[in-house]
Amino acid sequence: MVVCVCNAIRESQLRDVARNGQLRCAKAAYAQLGRKPKCGQCLSFARNIISDAAATA
């Protein structure tokens, strides 16, 4: 599923970044992927994905 249309970031990419690092912030995950949030509408959904992936890791 595409989480961020502006940057074409998929849910699987965010989960991989969250599992491989100690990220708790969506903006840090985006930076890890070499991107920045643009419109910001995806950040709350990205935070949920990151916290879920971190909890299961």
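This is a predicted model: local features need pLDDT of at least 70, side-chain atom pairs count only at pLDDT 80 or more; totals for chains, interfaces and linings use all residues.
**Entry 1**

As background for my own reading, nonpolar side chains in soluble globular proteins tend to be buried together.

**Entry 2: helix α3**

I checked the length of α3, which has 14 residues and reaches 20 Å from its first C-alpha to its last, close to the 20 Å expected at 1.5 Å a residue. Which residues of α3 are buried? I listed Leu 43, Ala 46, Ile 49, Ile 50, Ala 53 and Ala 54. These residues lie on the same side of α3, because they cover an arc of only 125° around the axis. On the other side of α3, I found Ala 55 and Thr 56 exposed. I also looked at what the buried residues of α3 pack against, and noted β1, α1 and α2.

**Entry 3: helix α1 and Arg 15**

In α1, I recorded Leu 14, Arg 15, Val 17 and Ala 18 as buried. They too share one side of their helix, since the arc they cover around the axis of α1 is only 165°. For a reminder, an α-helix has 3.6 residues a turn, so residues three or four places apart point the same way. What covers the buried residues of α1 includes β1, β2, α2 and α3.

Arg 15 made me stop, and I looked up its place and its burial separately. Arg 15 is found in helix α1, which runs over residues 11–20. Why does Arg 15 count as buried? Its relative accessibility is 19%, and the cut-off for buried is under 20%. Not counting residues up to four places away in sequence, Arg 15 touches Ile 49, Asp 52 and Ala 53, and I noted that Ile 49 and Ala 53 are among the buried residues of α3.

**Entry 4: the cysteines**

How many disulfides does the structure hold? I found 0. For Cys 4, the closest cysteine sulfur is in Cys 42, at 3.7 Å, which is too far for a bond. Cys 4 counts as buried because its relative accessibility is 1%. Cys 25 is likewise in no disulfide, and its nearest cysteine sulfur, that of Cys 42, is 12 Å away. Cys 25 counts as partly exposed, at 37% relative accessibility.

**Entry 5: Gln 22**

I located Gln 22 in the loop between α1 and α2, and noted that Gln 22 is exposed, with a relative accessible area of 72%. I also looked up the separation of Gln 22 and Thr 56, which are 34 residues apart along the chain, and their C-alpha atoms are separated by 13 Å.

**Entry 6: confidence**

Confidence is lowest in α3, at a mean of 90, and highest in strand β2 (residues 9–10), at 96.

Methods
Residues are numbered from 1 along each chain as its sequence is written. Side-chain values use heavy atoms; hydrogens and water are left out. Helices (H or I, at least four residues) and strands (E, at least two) are DSSP runs, numbered from the N terminus. Buried means under 20% relative accessible area, exposed over 50%, partly exposed in between (1.4 Å probe, protein chains only). Contact means heavy atoms within 4.5 Å. The expected span of a helix is 1.5 Å times one less than its number of residues. The arc is that of the directions from the helix axis to the C-beta atoms. pLDDT is the predictor's confidence in each residue, from 0 to 100. A disulfide is a pair of cysteine sulfur atoms within 2.5 Å.
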